[in-house]
Each structure stands twice: as C-alpha cells, then as structure tokens.
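Here's a quick briefing to read alongside the model. Take a look at the sequence and the fold, then work through the points below.

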Amino acid sequence: MKKRKASTDSDPGPRLQRVSQYLERYFPDFFAEARFQVGDDDYFLYARFGQYLARAIEQHRAPLSKINRGFTVLNKMARVSAKYPRIRQMLVSGPLEYIVDAPRARQLALKRLSPVAQGYLESLCE
C-alpha cells in the first residue's frame, strides 16, 4: 500500500513543476540567472519573476509576445493556487505585489490575467 503525503505539506515545489518548466522554456536567461542567485527557493524565484515582468512592462523592454507569456506563467500559478493555499500566498505576496506597484503593469494585468488571478490582484489593491 502506498503512503500519501499529508495535505499539510508546505513545499510547493512539485506542484509548481509544470509552471517552472514553462518559465524555464520561455524565459531561459531569467530562469538560469534567478536559479543561480536564489537556488531552489520557488518563492524568491517567482517574486523575482514578478519584479522582472513589471519592470519589463514599465520600461518597454520586452515585446508584447514575451509579456503575454509572462502573464501565462502567472495564470498557470493562479490555476494551481486554487487547490493549494501555499501557492496562492506565494503568488499574492510575490509576483502580484510587484505588478500592483507598477501602474502600467497593473493596467495590462487587468486585461491579461485570468479571473482568478485578477481577483488576487484586486484584493491587493484594496
């Protein structure tokens, strides 16, 4: 009989594996540098990604297709976070905080984020 991990497991790593693979595939330079700087800490990886995305939007440093892929990363996180509160906390207190603090990024996020992620973003604005 197989043993199952307790639902109180706070390590979001395995649950974010597909999101991390997407991030690594479409943002290889960012991913390699961030992993080098923060190691295997997913919280700081995604917080830095939010900072990177917000800065790219504010300073017009990335093409729209790249920005849309960035929002896809956040939407994938939001989808996973519906089941796992730890990932929701990571999304809200990490990347979405940087989006809220950048006016252009926030405006674009309201158009590009999924309804779940928009709800998290709006809760930060209140």
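Of this protein's 126 residues, 40% count as buried, where buried means under 20% relative accessible area, exposed means over 50%, and partly exposed is in between (1.4 Å probe, protein chains only). You're looking at a predicted model, in which local features need pLDDT of at least 70 and side-chain atom pairs count only at pLDDT 80 or more, while totals for chains, interfaces and linings use all residues. Residue numbers start from 1 along each chain as its sequence is written, and side-chain values use heavy atoms, with hydrogens and water left out.

**Overall layout**

- The protein has 8 helices and 0 strands; helices (H or I, at least four residues) and strands (E, at least two) are DSSP runs, numbered from the N terminus.
- Reading from the N terminus, the order of elements is α-α-α-α-α-α-α-α.
- Among contacts with a separation of 6 or more, 60% come from residues 24 or more positions apart, with contact meaning heavy atoms within 4.5 Å.

**H1 and its neighbours**

- Val 19, Ser 20, Tyr 22 and Leu 23 are the buried residues of H1.
- Down the H1 axis these buried residues fall within an arc of 160°, so they line one face of the helix; the arc is taken from the directions from the helix axis to the C-beta atoms.
- Arg 18 and Arg 25 sit on the other side of H1 and are exposed.
- H2, H3 and H4 are what the buried residues of H1 pack against.
- How do the axes of H1 and H4 cross? They come within 10 Å and cross at roughly 170°, with axes being lines fitted to C-alpha atoms (for helices, over the stretch in contact) and angles running from 0 to 180 degrees between N-to-C directions.
- H1 and H4 are therefore roughly antiparallel to each other; on this scale, angles under 35 degrees count as roughly parallel, over 145 as roughly antiparallel, 65 to 115 as roughly perpendicular and the rest as oblique.
- H1 brings Val 19, Tyr 22, Leu 23 and Tyr 26 to that contact, and H4 brings Lys 66, Arg 69, Thr 72, Val 73, Lys 76, Met 77 and Val 80.
- Sorted by class, the H1 contact with H4 has 7 nonpolar, 1 polar and 3 charged residues. Here Ala, Val, Leu, Ile, Met, Phe, Trp, Tyr, Cys and Pro count as nonpolar, Asp, Glu, Lys and Arg as charged, and the others, Gly among them, as polar.

**H2**

- The buried residues of H2 (residues 28-38) are Phe 30, Phe 31, Ala 34, Arg 35 and Val 38.
- They span an arc of only 120° around the axis, which puts them on the same side of H2.
- Asp 29 and Phe 36 are exposed, on the face of H2 turned away from its buried side.
- The cover over the buried residues of H2 includes helix H1 (17-26) and helix H3 (42-58).

- Most residues other than glycine have a negative phi.
- His 60 isn't a glycine, yet its phi is positive, at about 50°.
- You'll find His 60 in the loop between H3 and H4, and at 60% relative accessibility it counts as exposed.

- Asn 75 sits in helix H4 (residues 64-81) and is buried, with a relative accessible area of 14%.
- Leaving out residues up to four places away in sequence, Asn 75 touches Arg 112, Leu 113, Ser 114 and Ala 117.
- Asn 75 and Leu 91 are 16 residues apart in sequence, and their C-alpha atoms are 9.9 Å apart in space.
- Gln 118 belongs to helix H8 (residues 115-125) and counts as buried at 19% relative accessibility.
- Which backbone oxygen does the side chain of Gln 118 reach at 2.6 Å? That of Leu 110.
- A polar atom of the Gln 118 side chain also lies 2.9 Å from the backbone oxygen of Leu 113.
- Residues up to four places away aside, Gln 118 touches Ala 109, Leu 110, Lys 111 and Leu 113.

How values were computed: A polar contact is a pair of N or O atoms within 3.5 Å; within protein, one must be able to donate a hydrogen and the other to accept it, and residues adjacent in sequence count only if both atoms are side-chain atoms.
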